[in-house]
Amino acid sequence: MKITLQTSGSTGKPKYVTHNEEDFYEPAKFLVDRWKLNSDDIILNVFPAWTIAHWAFCFFPAQLSNCEIINIKFEPLKFWKQVAEIKPTILTLAIRTMHTMLKQGSPNLTYMKNLSSGSAPVTKHQMNMMRSTGAQNVWNIY
């Protein structure tokens, strides 16, 4: 299967890039192993299907581990309430989004196995903000 994704346009105009499905399996296997994913896990996916984050951090890890994936529309003012209702064990957000959301308040995520950021370098302060949620493991998978 071929997957065509739109780039973010961070270096200029967004463009479309086509990937082979196989391109995602090694990174997904790595995440399944590191995150210790299994069929009891729930991945909360906030990424649109046209983004690489959707496929790399959510879709393929869920496929390989046979865990549940819940896709939601990201709405900042409702987000922590949605997280509290769903109680996912896995959540990945872009670091700028994570930073903004954690400035709104640090939720109690003690039920969460893995809270991750994967879009850019992360500062020590941002890692500490992520740790303040109580999530069991905090990752920068950039």
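**Figure 1. Helix 4 crosses helix 5 in a left-handed sense.** A crossing is called left-handed if the near helix is turned anticlockwise from the far one by less than a right angle, and right-handed if clockwise. The model is predicted, with local features requiring a pLDDT of at least 70 and side-chain atom pairs counted only at pLDDT 80 or more, whereas totals for chains, interfaces and linings use all residues. Residues are numbered from 1 along each chain as its sequence is written, and side-chain values use heavy atoms, with hydrogens and water left out. Helices (H or I, at least four residues) and strands (E, at least two) are DSSP runs, numbered from the N terminus. Helix 4 (residues 95–103) and helix 5 (residues 124–131) pack at an angle of about 55°, and their axes are 10 Å apart; helix 4 is therefore oblique to helix 5. Axes here are lines fitted to C-alpha atoms, for helices over the stretch in contact, and angles run from 0 to 180 degrees between N-to-C directions. Angles under 35 degrees count as roughly parallel, over 145 as roughly antiparallel, 65 to 115 as roughly perpendicular, and the rest as oblique. On the helix 4 side the contact (heavy atoms within 4.5 Å) involves Ile-95, Met-98, His-99, Leu-102 and Lys-103, which meet His-125, Gln-126, Met-129 and Met-130 of helix 5. Sorted by class, the contact of helix 4 with helix 5 has 5 nonpolar, 3 polar and 1 charged residues, where Ala, Val, Leu, Ile, Met, Phe, Trp, Tyr, Cys and Pro count as nonpolar, Asp, Glu, Lys and Arg as charged, and the others, Gly among them, as polar.

**Figure 2. An open sheet of 5 strands runs in the order 4-3-5-6-7, with parallel pairing.** Strand 4 (68–71) and strand 7 (137–140) stand at the edges, and because each has a single partner strand, one side of each is left without a neighbour in the sheet. Neighbouring strands of this sheet are turned against each other by 20° on average, with direction ignored. Strand 3 (residues 42–45) pairs with strand 4 in the parallel sense over 4 bridges, two strands being counted as paired if DSSP finds at least two bridges between them. Within this pairing, Leu-44 has Ile-70 in strand 4 as its bridge partner. Helix 2 (residues 52–65) packs on the sheet, where it touches strand 3, strand 4 and strand 5 (90–93), and its direction makes about 150° with that of strand 3. Asn-45, also placed in strand 3, is buried at a relative accessible area of 1%, buried meaning under 20%, exposed over 50% and partly exposed in between (1.4 Å probe, protein chains only). Leaving aside neighbours within four places in sequence, Asn-45 is in contact with His-54, Cys-58, Ile-69, Ile-70, Asn-71 and Ile-72.

**Figure 3. Strand 5 and strand 6 pair in the parallel sense over 4 bridges.** Thr-92, which lies in strand 5, stands opposite Ser-116 in strand 6. With a relative accessible area of 2%, Thr-92 is buried, and its contacts beyond four places in sequence include Trp-35, Phe-57, Ser-116 and Ile-141. Ile-90 also has its place in strand 5 and counts as buried at 0% relative accessibility. Among the residues in contact with Ile-90, its neighbours within four places in sequence left aside, are Trp-35, Leu-37, Leu-44 and Met-112. Ile-90 and Ser-116 are 26 residues apart in sequence and 7.9 Å apart in space, C-alpha to C-alpha. In a regular strand the side chains alternate between the two faces of the sheet. Both faces of strand 6 (residues 114–117) are covered, with Asn-114 and Ser-116 buried on one side and Leu-115 and Ser-117 buried on the other.

**Figure 4. Lys-36 lies in the loop between helix 1 (25–35) and strand 3, and Asn-66 in the loop between helix 2 and strand 4.** Lys-36 has a phi near 55°, a positive value in a residue other than glycine, and counts as exposed at 61% relative accessibility. Asn-66, likewise not a glycine, has a positive phi of about 65° and is exposed, with a relative accessible area of 59%.

**Figure 5. Tyr-111 lies in the loop between helix 4 and strand 6.** Tyr-111 counts as partly exposed at 23% relative accessibility. Lys-87 is 24 residues from Tyr-111 in sequence and 7.0 Å from it in space, C-alpha to C-alpha. Leaving aside neighbours within four places in sequence, Tyr-111 is in contact with Val-83, Ala-84, Lys-87, Pro-88, Thr-89 and Gln-136.
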